[in-house]
Amino acid sequence: MKRDIWQELVKPLIYLAPMSGITNKAYRQIVKSFASDILFPEFVSIYAMHYQTEENSRTMQMLEFDESERPIIAQVFGSDPELFYEAAKKCKDLGFDGVDINFGCPAPKVAKNGGGCVLLGDLGLSRKIIQAVIDGVGGEIPVSVKTRVSYKNTHVRDFCKVIADLPLSALCIHGRSFEKPYEGQSDLDCIKEAKGLVPFPVMSSGHGHTPEAAKETLDYTGCDGIAVARGTFGKPWLIKQIKDYLETGSYHEPTQVEILDTMVLHASMAEKINIGRPFVELRKVLGWYIKGIPNASQYRAQLVRVNSMEEVRVVVKNIKRQLTNQ
Ligand SMILES: Cc1cc2nc3c(=O)[nH]c(=O)nc-3n(C[C@H](O)[C@H](O)[C@H](O)COP(=O)(O)O)c2cc1C
């Protein structure tokens with residue numbers, strides 16, 4: 001293998017988890033500027049990669065990345081081993097530093113075709129898919145899997161037992177079930193158990209919204225890293241805070257002015273690099289930055305209508321003026 005970043009990078013790994021509809025280039029790059037160890041583009045369908053219609057060209061655009069984003073890993077979903085093989089080969093040829101298989105998505109559009117978390121319910125097919133991806137990359141880049149605690153009656157421990165002998169490079173577990181995809185506490189006992197069942201590094205997802213929660217996860221489960229997702233909403237600096245906390249026991253909480261400046265930087269990155277209509281994609285994301293600021297709802301209403309950098313700057317100027325008049 002040219003390079004197995006899961007082995008090579010210093011543990012614990014703290015990185016931005018894949019998020020469909022969120023982790024576009026601008027989002028990735030703003031989080032990377034705050035020390036994310038690994039990045040993932042939005043996940044892509046193996047069917048869209050195979051049937052390259054005009055509509056599916058959006059899929060290939062989603063797989064574009066800059067050299068500065070390395071290490072970057074493509075995540076693919078579907079349920080057909082042959083198309084997984086082909087998709088894995090393409091990801092390798094596109095220059096990705098790894099391929100990750102999605103065994104965790106609960107969304108109907110993925111589940112209805114037997115992909116994502118539903119695959120946990122068919123351990124034989126899961127194994128075939130992993131083997132197909134391993135064959136597809138031909139040993140040149142690492143293969144990893146992201147899944148959940150359970151699907152119906154199948155627990156991730158059953159999955160771990162079935163995949164433990166495969167040459168995988170990492171397993172990431174979101175500590176919630178298919179049936180309760182984002183509700184309740186993430187199950188740290190399950191991650192701790194999985195860590196004892198497979199020989200490759202295990203990552204935790206779902207209990208890393210604060211530096212304290214991230215440390216608790218690492219201490220309790222003994223896992224090798226944390227994939228941070230929603231905690232970065234309006235807080236792209238969270239990964240840096242987690243790393244600082246693990247290293248020194250403290251971290252910097254940005255001032256309101258620093259937060260607004262980061263928001264402007266994020267918007268200007270999106271303006272430069274996002275394909276299509278950058279401000280349409282950005283509007284909800286910008287609103288996350290002003291949570292907790294007095295009169296936030298009034299400013300959020302303005303941010304959901306912005307069409308240019310100029311308009312973003314006007315809203316930010318008004319917020320800063322209000323902050324200095326307090
Ligand atoms: C909007 C959104 C999109 C997501 N898309 C993906 C995805 O494409 N692939 C994936 O493996 N997980 C996806 N997830 C799950 C996250 O990667 C993560 O495992 C989950 O949100 C739990 O982590 P958190 O509590 O830090 O948010 C998504 C989550 C959210 C909120």
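A crossing of two helices is left-handed if the near helix is turned anticlockwise from the far one by less than a right angle, and right-handed if clockwise. This is a predicted model, in which local features need pLDDT of at least 70 and side-chain atom pairs count only at pLDDT 80 or more, while totals for chains, interfaces and linings use all residues. Residues are numbered from 1 along each chain as its sequence is written.

Helices (H or I, at least four residues) and strands (E, at least two) are DSSP runs, numbered from the N terminus. Helix α7 (residues 123-137) packs against helix α8 (residues 156-163) at an angle of about 45°, their axes lying 10 Å apart; axes are lines fitted to C-alpha atoms, for helices over the stretch in contact, and angles run from 0 to 180 degrees between N-to-C directions. The arrangement therefore makes α7 oblique to α8, given that angles under 35 degrees count as roughly parallel, over 145 as roughly antiparallel, 65 to 115 as roughly perpendicular and the rest as oblique. The crossing of α7 and α8 is right-handed. Leu123, Ser126, Arg127 and Ile130 of α7 make the contact with Asp158, Phe159, Val162 and Ile163 of α8 (C-beta atoms, placed from the backbone, within 7 Å). By class, this contact of α7 with α8 has 5 nonpolar, 1 polar and 2 charged residues (Ala, Val, Leu, Ile, Met, Phe, Trp, Tyr, Cys and Pro count as nonpolar, Asp, Glu, Lys and Arg as charged, and the others, Gly among them, as polar).

## Helix packing: α9 and α10

The axes of helix α9 (residues 188-195) and helix α10 (residues 211-221) cross at roughly 45° and come within 9 Å. The crossing of α9 and α10 is right-handed. On α9 the contact involves Leu188, Ile191, Lys192 and Lys195, and on α10 Thr217, Tyr220 and Thr221. The contact of α9 with α10 has 3 nonpolar, 2 polar and 2 charged residues.

## Ligand surroundings

Of the 21 residues around the ligand, Ala17, Phe43, Ser205, Ala229 and Arg230 come nearest (a residue is near if its C-beta atom, placed from the backbone, lies within 6 Å). The shell around the ligand has 8 nonpolar, 10 polar and 3 charged residues.

## Backbone geometry

Most residues other than glycine have a negative phi, and most peptide bonds are trans. The peptide bond from Lys11 to Pro12 is cis, with omega near 0°, and Pro12 is found in the loop between α1 (5-8) and β1 (13-16). The bond from Arg70 to Pro71 is also cis, with omega near -5°; Pro71 is in the loop between α4 (57-62) and β3 (74-77).

Methods:
Contact = placed C-beta atoms within 7 Å.
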